[in-house]
Amino acid sequence: MAVEQPLAPTPGDQTRIHNIGYRNYDGPRLGRSYATRSLYSQSLRGAYGLGRSVKSKVLPMLLFVVMCVPAAIMVAVAVATKAKDLPVDYTRYAIIMQAVISLYVASQAPQSVSRDLRFKTVPLYFSRPIETADYVRAKYAALASAMFILTAAPLLVLYVGALLAKLDFADQTKGFAQGLVSVALLSLLFAGIGLVIASVTPRRGFGIAAVIAVLTISYGAVSTLQAIADAQNSTRSIPWMGLFSPVTLIDGVQSAFLGASSAFPGEIGPTNGEGVVYVLVVLGLIAACYGLLMRRYRKVGL
Amino acid sequence: MVRVTIVDCVTVIATESLSKRFPRVTALDRLSVDVGPGVTGLVGANGAGKSTLIKILLGLSPATEGRAEVLGLDVATKGADIRERVGYMPEHDCLPPDVSATEFVVHMARMSGLPPTAARERTADTLRHVGLYEERYRPIGGYSTGMKQRVKLAQALVHDPQLVLLDEPTNGLDPVGRDEMLGLIRRIYTDFGISVLVTSHLLGELERTCDHVVVVDGGKLLRSSSTTDFMQTTTTLAIEVTDTDEHPDGTRAVRETLDARGVEVLDGSNGLPGAGHILLLTAQGEETYDLVRDVVADLGLGLVRMEQRRHHISEVFHGDAEDRDVTKEAVGHGS
């Protein structure tokens with residue numbers, strides 16, 4: 001204020017500058033696909049708390065760090081000890097860190113969709129050019145991308161570290177690529193499950209609890225049953241049990257096709273034939289999640 | 001300028017025997033109405049079909065039968081094009097509390113197809129026009145109801161639509177906030193050149209703001225005409241005079257004199273105590289005003305009040321829908 005005072009108000013055009021009337025907008029209107037992309041980027045940024053309050057940045061950022069730190073330590077150890085291989089396979093990393101991943105999807109899926117339901121922002125979106133399908137696709141793609149960033153970043157750390165440690169390039173690149181395919185599938189599957197559960201309730205707390213419950217209970221039940229089966233030497237049933245929880249599904253797919261060693265008891269992963277069933281179930285689940293979301297939002301509307 | 005002329009020559013909203021039936025209720029029943037440019041009020045009680053009509057006009061809900069056009073675009077086939085050119089302010093709360101008004105409105109501008117830079121510029125402009133200044137950087141959660149209504153209005157205007165649909169914009173506002181909002185709505189058309197369809201279940205507030213009023217009840221069109229028609233077909237004059245020593249009952253003296261001159265005078269008291277001094281008469285034009293002035297002057301009385309009693313829009317219900325619930329509500333507010 002004080003700075004402006006010496007500038008004595010010169011009569012004439014200068015005083016008029018402040019009185020801007022309404023201006024019409026004649027620029028481009030980029031339409032539906034641009035709006036969908038805008039929603040995608042806003043949701044993706046939101047999944048890491050960007051563009052939101054400081055408080056909402058804490059958890060996603062913390063989980064991201066927690067995901068990457070073990071990878072960095074492993075790399076440091078590998079470089080220091082001049083090991084011949086990384087202590088953990090690329091495909092195995094996400095399975096080990098599944099608790100962190102589950103926590104992330106449980107916290108961010110409700111953030112992404114329950115908020116819109118709770119604060120009734122959804123009708124506003126549908127009063128814009130976008131359609132139900134655009135909303136669902138943008139939200140699904142955003143959360144899946146956010147999860148891919150979360151799960152692929154530590155793999156990148158491992159890969160860069162492995163190259164710095166002068167491990168075999170071809171070997172590492174192949175492992176890294178297999179790891180990326182596996183976490184991409186995992187991201188799509190987890191994001192879908194998380195969003196379907198979260199889109200049912202406008203209450204964020206319920207959403208978080210429900211997602212965690214579904215992911216951990218299914219994994220707990222499956223791995224317990226597998227352990228029992230292993231103890232009773234009925235090893236043939238172990239791979240089939242893996243079909244009933246998201247984490248073991250991904251484990252099964254990658255041990256059948258992506259050169260991973262299975263985390264199932266006794267490392268009894270599915271055979272190639274059984275692996276096909278795994279892939280079909282994973283793809284079927286992803287499609288089902290998408291279909292359920294579409295059905296859900298057709299009803300929400302205005 | 002160009003745009004205004006375009007808008008001027010088309011019908012903004014046109015419906016033709018538009019019906020919407022749900023399994024149990026008929027929300028709209030063969031509604032045919034044309035809405036021109038300007039501020040149009042859509043009046044009806046809760047459940048009269050206003051929100052259903054808005055949904056159909058936005059192309060979000062198919063009509064059971066009949067057709068509707070918005071800005072010359074068919075709602076059944078051109079929904080996305082309509083939504084790009086139309087702004088919508090919902091009745092209910094729709095704002096996330098943890099983001100700032102600027103952030104939210106920029107996002108909604110982009111959702112309407114504005115490129116990032118334009119979205120930022122238009123947001124700053126629009127928020128200023130609706131009267132939000134420094135507050136716009138604070139999270140919406142801490143805003144008053146009036147400020148929230150302004151943000152909701154801003155997001156409907158940010159993409160410079162040709163028409164805005166405002167669903168109960170004065171809901172929850174105190175009298176001052178209500179007046180400010182109505183003034184703002186008036187300016188949307190007069191200053192911004194954007195046509196407005198505003199719904200309300202309160203008739204009184206629309207007669208001041210709208211050029212045209214459409215009254216719906218039970219999904220049927222009750223009446224559609226300009227506000228001037230509503231109020232000017234008959235203008236009632238209310239007169240109040242003082243008493244003097246010469247005429248201890250001035251009111252009666254004026255009444256008798258006017259009666260003698262062939263002007264029908266009604267008692268304005270309506271049985272209310274203390275209102276017995278008000279006379280109501282029907283103004284035929286300029287000469288009625290002159291006559292009253294002369295009569296009062298000749299009698300040597302003081303003229304305390306001579307005012308136009310505007311007919312309230314609520315009166316449409318007296319004739320057409322005597323026994324409906326709407327009447328009670330309308331009369332309750334309209335007087």
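The model is predicted, so local features need pLDDT of at least 70 and side-chain atom pairs count only at pLDDT 80 or more, while totals for chains, interfaces and linings use all residues. Residues are numbered from 1 along each chain as its sequence is written, with chains lettered from A and ligands numbered from 1 in the order in which they are written.

**Chain A overall**

- Chain A has twelve helices and zero strands, where helices (H or I, at least four residues) and strands (E, at least two) are DSSP runs numbered from the N terminus.
- The radius of gyration of chain A is 24 Å, whereas a compact globule of 302 residues would have one near 19 Å; this radius is taken over C-alpha atoms, and the globule rule is 2.2 Å times the number of residues to the power 0.38.
- Along its principal axes, the C-alpha trace of chain A spans about 95 × 50 × 30 Å.
- Among chain A contacts (C-beta atoms, placed from the backbone, within 7 Å) between residues at least 6 apart in sequence, 76% join residues at least 24 apart.

**Nonpolar cores**

- A nonpolar core is a set of buried Ala, Val, Leu, Ile, Met, Phe, Trp, Tyr and Cys residues joined through C-beta atoms within 7 Å.
- The largest one holds 147 residues, and those touching the most other members are L143(A), L158(A), L195(A), L57(B), V105(B), V164(B) and V196(B).
- Helix 7 (residues 132–164) of chain A gives this core its largest share, 16 residues.
- Apart from it lies another core of twelve residues, including V241(B), A253(B), L258(B) and L281(B).
- Leaving out residues up to four places away in sequence, V164(B) touches G87(B), M89(B), A156(B), L157(B), I188(B), I194(B) and V196(B).

**Strands of chain B**

- Strands count as paired if DSSP finds at least two bridges between them.
- Strand 1 (residues 13–21) of chain B pairs antiparallel with strand 2 (residues 26–35) of chain B over six bridges, and the two form a hairpin with four residues between them.
- K20(B) has L28(B) in strand 2 of chain B as its bridge partner.
- Strand 1 of chain B also runs antiparallel to strand 4 (residues 65–70) of chain B, joined by five bridges, with A14(B) opposite E69(B).
- Strand 6 (residues 86–89) of chain B is covered on both faces, with V86(B) and Y88(B) buried on one side and G87(B) and M89(B) buried on the other.
- Four bridges link strand 6 of chain B in parallel to strand 7 (residues 163–167) of chain B, where L166(B) is the bridge partner of M89(B).

Methods. Buried ≥ 20, exposed ≤ 12 C-beta atoms within 10 Å, placed from the backbone. Contact = placed C-beta atoms within 7 Å.
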